[in-house]
Amino acid sequence: MRRTLEAGGTEVRLMVAVDLGGELQAVQFGDERLSKRAIQIAERLQQSPNASIPAAMGTKNELDACYEFFDNPKVTQQKILQPHIEATYRRIEQTDSVVCAQDTSEIDLTRPKQQVQGAGPMDCESRRGAFFHPVVAFNLDGVALGLLGQKTYVRETLSTLTPSQKTDQRRRTPIEEKESIRWLEGLTMTHQAALACPETICVCVGDSEADIYELFVAKSQIATSNLHILVRAGQNRNTTDREDWKDQVRRSPVVGEQVVNLRARTAKVGIGKSARSRSREARTAQLEIRTAVVDVARPIHASKDLLASGRVNVVLCEEVNVPEGEDPICWMLVTTLPIDTEQDVQRVIRCYCIRWQIEVFFKTLKSGCRIEHRRFEEIDRIKNALAMYAIVAWRLMYICHMGRSCPDVGCEIIFEPSEWKSVYAILGAGNP
């Protein structure tokens with residue numbers, strides 16, 4: 001359904017999903033009964049996303065059917081997500097540029113007694129669960145347009161190697177056998193979106209964990225012109241001139257300044273090892289911006305099959321006049337987006353800032369949909385439920401953003417009459 005909204009004098013065109021039943025209308029499991037059941041479950045869950053599954057389903061028959069659905073071998077994450085992904089493409093087609101943010105979050109499934117069968121260790125053997133890595137598309141206003149895909153995986157065992165042994169093992173292990181392959185898989189999901197939406201610039205954005213040489217190489221081998229990457233640098237790298245890439249950028253002249261408001265942050269445990277994990281006070285930071293084109297050299301221990309070098313654009317944002325006792329802000333953004341003009345540079349910074357919306361998505365999934373509290377006994381059922389709840393979490397984000405940006409638009413732009421009329425009846429017309 002194509003609808004045009006007027007928000008603050010700016011015309012906003014979005015493909016609005018009225019409900020998850022419509023979003024999943026084309027779901028296919030090779031069994032029409034399962035497809036109908038998926039739509040019914042989605043409609044129930046979207047009405048009570050934070051309720052337990054028994055409470056959301058209402059009757060015992062519906063509850064039994066729900067559990068049987070998530071346990072059915074014909075049901076998979078990809079089959080649940082596919083119609084939503086295709087609907088996301090249709091929303092992306094209506095925008096000039098999208099940020100395709102990818103990140104990983106823990107799904108803690110630790111139980112006081114019987115653990116979830118198939119769950120793996122997290123940071124220690126006593127914590128059991130899985131790791132969830134989605135790619136979520138946002139327009140440049142930060143509106144969540146939907147998921148492009150997701151990967152859920154578990155660790156079989158925890159490493160008992162020393163730090164030096166871990167480093168040596170990591171260098172000898174091909175990328176295909178590492179957990180970090182997820183970043184290349186996220187690039188593939190974004191590439192598929194770029195192919196499906198050739199008129200839209202698709203920017204695959206990752207945090208410092210995505211700073212892996214193989215990602216730069218993978219992008220250089222993709223000829224699709226509307227696909228770009230944007231990664232925050234997380235490690236020192238040498239240029240082809242055997243110079244640290246950050247030092248090279250620092251020799252460039254200042255091309256602009258930026259003022260950002262930093263929120264206060266409290267360290268989760270003790271004193272963090274890195275600046276990003278330590279506590280800080282809220283403050284306004286003034287950043288100097290520099291840019292450069294860098295030829296990154298292949299790491300010494302990387303496979304010789306990889307390209308010897310890769311050319312990337314870099315935007316370095318560093319804080320000046322740092323308050324005493326505070327860690328300076330330093331964002332080194334590595335990208336294939338152009339950086340020729342001030343407008344280009346501002347777009348790079350804006351795209352990276354939108355990446356933080358995926359943290360809101362994780363919070364919505366865990367607090368709003370309470371995915372970690374779902375009492376399934378096996379990890380495969382959790383994975384299927386995670387796919388369904390991920391779509392529910394997207395819709396919650398979508399509704400919240402539309403409520404803030406278009407408060408005067410009628411509720412039927414998103415809700416069916418049966419949805420808003422019941423709320424209206426419960427709250428009572430005219431109540432303050």
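1. Basis of the values. The model is predicted, and local features need pLDDT of at least 70, side-chain atom pairs count only at pLDDT 80 or more, while totals for chains, interfaces and linings use all residues. Residues are numbered from 1 along each chain as its sequence is written, and side-chain values use heavy atoms, with hydrogens and water left out.

2. Helix α5. Helices here are DSSP runs of H or I with at least four residues, strands are runs of E with at least two, and both are numbered from the N terminus. Helix α5 covers residues 77-92, and its 16 residues should span 22 Å at 1.5 Å a residue, which agrees with the 22 Å between its end C-alpha atoms; the expected span is 1.5 Å times one less than the number of residues. At Pro83 the helix α5 bends by about 30°, the bend being the angle between axes fitted to the seven residues ending there and the seven starting there.

3. Burial along α5. Buried means under 20% relative accessible area, exposed over 50%, and partly exposed in between, with a 1.4 Å probe and protein chains only. Pro83 is among the buried residues of α5, which also include Gln77, Ile80, Leu81, His84 and Tyr89.

4. Lys79. This residue also has its place in helix α5, and Lys79 counts as partly exposed because its relative accessibility is 33%. Leaving aside neighbours within four places in sequence, Lys79 is in contact (heavy atoms within 4.5 Å) with Val27, Gln28, Phe29 and Lys74. The C-alpha atoms of Lys79 and Ala387 are separated by 9.2 Å, although the two residues are 308 residues apart along the chain.

5. Packing of α2 and α4. Helix α2 (residues 32-47) and helix α4 (residues 60-71) pack at an angle of about 115°, with their axes 10 Å apart; axes are lines fitted to C-alpha atoms over the stretch in contact, and angles run from 0 to 180 degrees between N-to-C directions. The contact is made by Leu34, Arg37, Ala38, Ile41 and Arg44 of α2, together with Glu62, Ala65, Cys66, Phe69 and Phe70 of α4.

6. Two arginines with positive phi. Arg242, in the loop between β9 (227-232) and α9 (245-250), has a positive phi of about 60° although it is not a glycine, and Arg242 is exposed, with a relative accessible area of 78%. Arg370, in the loop between α11 (357-368) and α12 (379-405), has a positive phi of about 50° and is likewise not a glycine; at 33% relative accessibility, Arg370 counts as partly exposed.
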